[in-house]
Amino acid sequence: MFTRLRRIEGQIRGVIRLMEKERDCKEVVTQLSAVRSAVDRAIAAIVVENLEECIRKDIEEDKSTHETVKQAIDLLLKSR
């Protein structure tokens, strides 16, 4: 996960460099779109990893997984 986030950090630095060099707006927006996509994928990966752990815990404790799944979906929707 840290590798993914460091890659995003590098992309952000790249966008800043483009802006400092007063590059074309289209280039900046294209790179920002790539950053947004990478952040969306990072969010999804974190939610999935956490969801898996929480579902295992619910099953071990003989609890329903419905609320856990609902919370994960809410997190994904909130991130949009």
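Buried residues are those under 20% relative accessible area, exposed ones lie over 50%, and partly exposed ones fall in between (1.4 Å probe, protein chains only). The structure is a predicted model, in which local features need pLDDT of at least 70 and side-chain atom pairs count only at pLDDT 80 or more, while totals for chains, interfaces and linings use all residues. Residues are numbered from 1 along each chain as its sequence is written, and side-chain values rest on heavy atoms, with hydrogens and water left out.

A nonpolar core is taken here as a set of buried Ala, Val, Leu, Ile, Met, Phe, Trp, Tyr and Cys residues joined through side-chain atoms within 4.5 Å. The largest such core holds seven residues, namely I8, V15, L18, V28, V35, A38 and A42. Helices α1 (2-20) and α2 (25-60) each supply at least two residues of this core, and α2 gives the most, with four. Helices here are DSSP runs (H or I, at least four residues), numbered from the N terminus. For V28, contact (heavy atoms within 4.5 Å) is made with V15, L18, M19 and R23, not counting residues up to four places away in sequence.

Attention then turns to D58, which is found in helix α2. D58 counts as buried because its relative accessibility is 9%. Its contacts, leaving aside neighbours within four places in sequence, are K63, S64, T65 and T68. With T68, 10 residues apart along the chain, the C-alpha separation is 8.2 Å.

Charged pairs complete the picture. Side chains of opposite charge can pair when their charged atoms come close. A salt bridge requires a side-chain nitrogen of Lys or Arg within 4 Å of a carboxyl oxygen of Asp or Glu, and by this rule the count comes to five. One of them joins R13 and E9, at 3.6 Å from N to O. These two residues are four apart in helix α1, so about one helical turn separates them. R13 is partly exposed at 42% relative accessibility, and E9 is partly exposed at 43%.

Another salt bridge links E52 with R56, the closest N and O atoms being 2.6 Å apart. E61 counts as partly exposed, its relative accessibility being 39%.
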